[in-house]
Amino acid sequence: MVQSINKVRHAYGLRSLRPAYSLFVSARVYSHRMMRSDYFGHMPRIPVASRWRRAGETIEWHAGWRLRPRAAVRRWMRSPSHRAVLLSRRFTRIGVGRARGRYGRKTATMWVAHVGRR
């Protein structure tokens, strides 16, 4: 997933986002929280560690168990708000999490990407 996002950033002449462990943790925790609570949406505050001066979030879900990270990135790039987050020069780090399970009555995969700058 991170490679797919960085490939898109390179196509726009942007630097790669570097992995950050705490962002991977927060993204994973949030994807599992959404799946457990049968909720899909952004919270008023992005749940990342306080040491991040700036933070952004993209979320996506699709039916089925297949991961399909490139398809998720394509959908994010078609969404003006998610595209703006992923292509922002403000962010330098990234972490991605996913959860698979039941969303409503469907088997689903949920993706969360947290981006940040210290």
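**Pockets and sheet: a quick chat**

Visitor: Hi! Which element gives the most to the lining of the largest pocket?
Guide: Helix α3 does, with six residues. Keep in mind that this is a predicted model.

Visitor: Which elements supply at least two residues each there?
Guide: Those are α1 (2-11) and α3 (69-78). The lining includes M1, Q3, S4, K7 and V8, along with R68, P69, R70, A71, V73, R74 and M77.

Visitor: How much space lies in that largest pocket, then?
Guide: About 240 Å³.

Visitor: And how do its lining residues divide by class?
Guide: Six are nonpolar, two polar and four charged.

Visitor: OK, what about the second largest pocket, what lines that?
Guide: Its lining is made of R9, G13, L14, R15, S16, R18, R89, F91, T92 and R117. By class, that gives five charged, three polar and two nonpolar residues. The space in this second largest pocket is about 180 Å³.

Visitor: Switching to the sheet: in what order do the strands come?
Guide: The order is β1-β3-β4-β2, in an open sheet of four strands with mixed pairing.

Visitor: Why is one side of β1 and of β2 left without a neighbour?
Guide: β1 (18-19) and β2 (54-63) stand at the edges and each has a single partner strand, so one side of each has no neighbour in the sheet.

Visitor: How many bridges join β2 to β4?
Guide: Ten, and β2 and β4 (residues 106-117) run antiparallel.

Note on methods
Residues are numbered from 1 along each chain as its sequence is written. This is a predicted model: local features need pLDDT of at least 70, side-chain atom pairs count only at pLDDT 80 or more; totals for chains, interfaces and linings use all residues. Side-chain values use heavy atoms; hydrogens and water are left out. On a 1 Å grid over the protein atoms alone, a cavity is a set of points where a 1.4 Å probe fits but cannot get out, and a pocket is an open set with protein on both sides within 12 Å along at least five of seven lines; lining residues have an atom within 4 Å of a point. Grid points are joined across faces, edges and corners, and a volume is the space filled by probe spheres set on the points. Ala, Val, Leu, Ile, Met, Phe, Trp, Tyr, Cys and Pro count as nonpolar, Asp, Glu, Lys and Arg as charged, and the others, Gly among them, as polar. Two strands pair if DSSP finds at least two bridges between them.
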